[in-house]
Amino acid sequence: MSGLTLTTDSPEATQAFGRHIGEALGIGDVVLLAGTLGAGKTTLTQGIAWGAGVTEYAHSPTFVLVHEYAGRIPIYHLDLYRFEGAYAVDDLAEVEDLGIDEMLETGACIVEWAERAAQVFPGDFLEISLAEGDTPDQRIVTLAAHGTRYEEMIAALESFTE
Ligand SMILES: Nc1ncnc2c1ncn2[C@@H]1O[C@H](COP(=O)(O)OP(=O)(O)O)[C@@H](O)[C@H]1O
Ligand SMILES: [Mg+2]
């Protein structure tokens, strides 16, 4: 499994790196974001969406599970924050009803708190973890590839981390 770690020093730097990810995104791609509240998942998602050609972007209220943005391809931004965990059966059914497979036939999914319903996502995905750094505006961003598609994506992103 290949990986990549970088440090960003501002929200803008996180978004700028996200743009490169968004430029690389294609139909069927899955990006699962990990990290605590305030880690920068939504901030990174904005950059990814911009890179994918999205021009309008609203901060999604957390009670809305999925937002679709029109870019070069549709970008589906999912936020599963309000799920307590993967083991609440009714909750899982609700996530299944979102039709993630259908979304992936036309666009790409970026998911916050995916670990709360990990079973509904494909086995191949790009995992991105965000954690606080040494200063308030610093974040450690770690990419891990699950599947060859994402190994190639990470290899292409390496040049943007210097
Ligand atoms: N380097 C950084 N990268 C991303 N966000 C940062 C960074 N430094 C400070 N921040 C701030 O941290 C917060 C991250 O919020 P958000 O992206 O909504 O987090 P999450 O979606 O993980 O809960 C924002 O207020 C943002 O301005
Ligand atoms: Mg968020």
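So, which residues in α1 meet which residues in α2? Let's start there, and keep in mind that we're looking at a predicted model.

On the α1 side we have Pro11, Thr14, Gln15, Ala16, Phe17, Gly18, Arg19, His20, Ile21, Gly22 and Glu23. Across from them, α2 brings Thr43, Leu44, Gln46, Gly47, Ile48, Ala49, Trp50 and Gly51. Sort the residues of that contact by class and you get eight nonpolar, nine polar and two charged.

Now, how do the two helices sit against each other? In general, a packed pair of helices is described by the angle between the axes and the distance between them. Here, helix α1 covers residues 11-24 and helix α2 covers residues 41-51. Their axes are 6 Å apart, and the packing angle is about 40 degrees. That angle is why we call α1 and α2 oblique to each other. As for handedness, α1 and α2 make a right-handed crossing.

Next up, the ligand. How many residues surround ligand 1? There are 17 of them, and Thr14, Gly40, Lys41, Thr42 and Thr43 are the closest. Our two helices turn up again here: α1 and α2 each supply at least two residues of the shell around ligand 1. By class, that shell has four nonpolar, nine polar and four charged residues.

Let's stay with α2 for a moment. Is α2 mostly covered or mostly open? Mostly covered, with nine of its eleven residues buried. Just past the end of α2 comes Gly53, which has a positive phi of about 95 degrees.

On to a few loops. Leu37 is in the loop between β2 and α2. Is Leu37 buried or exposed? It has 9 C-beta neighbours inside 10 Å, so Leu37 counts as exposed.

Now look over at Trp113, which is in the loop between β5 and β6. Leu37 and Trp113 are 76 residues apart along the chain, yet 9.6 Å separates their C-alpha atoms. Trp113 is partly exposed, because 19 other C-beta atoms lie within 10 Å, and the cut-off for buried is 20 or more. Its backbone is worth a look too: Trp113 isn't a glycine, but it has a positive phi of about 60 degrees.

That loop between β5 (108-112) and β6 (125-132) also holds Ala117. Ala117 has 24 C-beta neighbours inside 10 Å, so this one counts as buried.

Last stop, Pro74 in strand β4. Which residues is Pro74 in contact with, leaving aside its neighbours within four places in sequence? Those are Glu68, Thr106 and Gly107. Pro74 and Cys109 are 35 residues apart in sequence, with 8.7 Å from C-alpha to C-alpha. And since there are 16 other C-beta atoms within 10 Å of Pro74, we call it partly exposed.

Note on methods: Residues numbered from 1 in each chain as written. Chains lettered and ligands numbered in written order. Predicted model: local features only at pLDDT ≥ 70, side-chain atom pairs only at ≥ 80, totals over all residues. Axes fitted to C-alpha atoms, helices over the stretch in contact; angles between N-to-C directions. Helix = DSSP H or I, 4+ residues; strand = E, 2+ residues; numbered from the N terminus. Parallel < 35°, antiparallel > 145°, perpendicular 65-115°, else oblique. Left-handed = near helix turned anticlockwise from the far one by under 90°. Contact = placed C-beta atoms within 7 Å. Nonpolar A, V, L, I, M, F, W, Y, C, P; charged D, E, K, R; others polar. Near = placed C-beta within 6 Å. Buried ≥ 20, exposed ≤ 12 C-beta atoms within 10 Å, placed from the backbone.
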